[in-house]
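Subject: Structure handover

Hello,

Here is the structure for your files. Please open it alongside this note; the findings follow below.

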Amino acid sequence: MEKSPDHRPSLFSPYQMGRSNLCCRVVLAPMTRCRALDGIPRDANVEHYAQRATEGGLLITEGTLISPTAAGFPHCPGIYTREQIEAWKKVVDAVHAKGSIIFCQLWHVGRASNPVYQPEGAAPISSTDKPISGRWKILMPDGSYGKYPKPRRLATAEIPEIVQQYCQAALNAIEAGFDGIEIHGAHGYLIDQFLKDGINDRSDSYGGSLPNRLRLLDEVTRAVCAAVGPDRLGVRVSPAIDHLDAYASDPARLGRAVVDRLNAVQRDLGRRLAYLHVTQPRYTAYGQTESGPHGSAEEEGRLMRAWRDGYDGTFICSGGFTRELGVEAVECGDADLVSYGRLFIANPDLVDRFRANAGLNRYKRATFYTHDPVVGYTDYPFLGGASPPPRPRL
């Protein structure tokens, strides 16, 4: 495996992540793609993930819904029905046939929804009854964009049911054959709506103080650990991301509190989680900027390093990384692994291209959230302009 000149780890050196032996540090980031018609993974989903699987590589699925109330995009897959579990088995089998490891990201969008996605047209649920501002638009089933409605504040007595939904979804994912699961606690979705004081205006034991705002993440993490084991669980957070009005008054303090709480979970259980996955502050929904909302790139780098240094376990960075930035992050010790989204969309053989330092296909943003099973999903060429190879026979 490739090593940097002074024998520091490189983006292409192996890594032991819990029970998984990874061949390199390049990870497929979770990305919503809207290709699971009626919430059920199809043949196109099988092909898409199999294309991006490599021997010893790590894939994280798109956000996968934990319940009927969790949706906020059209045609996102779920993991709460028998039909969905059986469909995911085909994806997992295809990925495993190529020697890859795959985690299922568990997702509840909370207030980032619309009655059209909710059972019986109900209001979306959240930590609050404040809607997302008009700065943001929601993708509707017909391809148009609409406003986010006023959500319904969850009653304290309802929250244990949400925890149980995460727990059952994790068990369902393991039944489907996934190597592990990732809790989506980032980017303005349900768990982040409890973490961020710019959203969470509760006065009960899940709001107000920082320890209270951490409570839902803590309870979900512990419940899922009890169900499937800590080494099968990753957690994704974004303390410094303002996506969907997810503001934190003190991102540095919030991030450190999350790190401390996850370290405490590990100490209590006597075992490490699979990883902590943190999005760089420079990430935006519409591309990347030179710096994020909380200052210069240098200041943001200090934030990430503080969280990385404080966390006792595998640390994954994501958010606008290039090959060069990924190489630098691993060699400098800022990350153990680096996840890639947009570049992996357009380059199913991204790991091979990075190894060869080869040119990259350009992604087509207009096809990110369409429902076409081929265009912008499984039709990006491999190195040398070759057409995608056929999916392996199982």
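First, a term: rings of Phe, Tyr and Trp (its six-membered ring) pair if their centres lie within 6.5 Å; planes under 30 degrees apart count as stacked, over 60 as edge-to-face and the rest as tilted. By that rule, a search of the whole structure finds 10 aromatic pairs.

Two notes on the source. This is a predicted model, in which local features need pLDDT of at least 70 and side-chain atom pairs count only at pLDDT 80 or more, while totals for chains, interfaces and linings use all residues. Residues are numbered from 1 along each chain as its sequence is written, and side-chain values use heavy atoms, with hydrogens and water left out.

**Aromatic pairs**

Phenylalanine 103 and tyrosine 275 form a tilted pair, 5.6 Å centre to centre with 45° between the planes. The pair links distant parts of the chain: phenylalanine 103 sits in strand E5 (residues 101-107) and tyrosine 275 in strand E12 (residues 275-279), 172 residues apart. Helices (H or I, at least four residues) and strands (E, at least two) are DSSP runs, numbered from the N terminus. Phenylalanine 103 is buried at 1% relative accessible area. Tyrosine 275 is buried at 0%. Buried means under 20% relative accessible area, exposed over 50%, partly exposed in between (1.4 Å probe, protein chains only).

Phenylalanine 368 and tyrosine 369 have ring centres 6.3 Å apart and planes at 85°, so this pair is edge-to-face. Phenylalanine 368 is buried, at 5%. Tyrosine 369 is partly exposed, at 36%. Ring pairs join Phe368 and Tyr369 with Phe73, Trp107, Tyr189 and Tyr363 in a cluster.

**Valine 235**

Valine 235 lies in strand E11 (residues 233-237). Valine 235 is buried, with a relative accessible area of 0%. Leaving out residues up to four places away in sequence, its contacts (heavy atoms within 4.5 Å) include Tyr275, Leu276 and His277.

**Helix pair**

The axes of H1 (residues 43-51) and H2 (residues 82-97) come within 8 Å and cross at roughly 25°. Axes are lines fitted to C-alpha atoms, for helices over the stretch in contact, and angles run from 0 to 180 degrees between N-to-C directions. H1 is therefore roughly parallel to H2 (under 35 degrees; over 145 is roughly antiparallel, 65 to 115 roughly perpendicular, the rest oblique). Asn45, Val46, Tyr49 and Ala50 of H1 meet Trp88, Lys90, Val91, Ala94 and Val95 of H2.

Best regards
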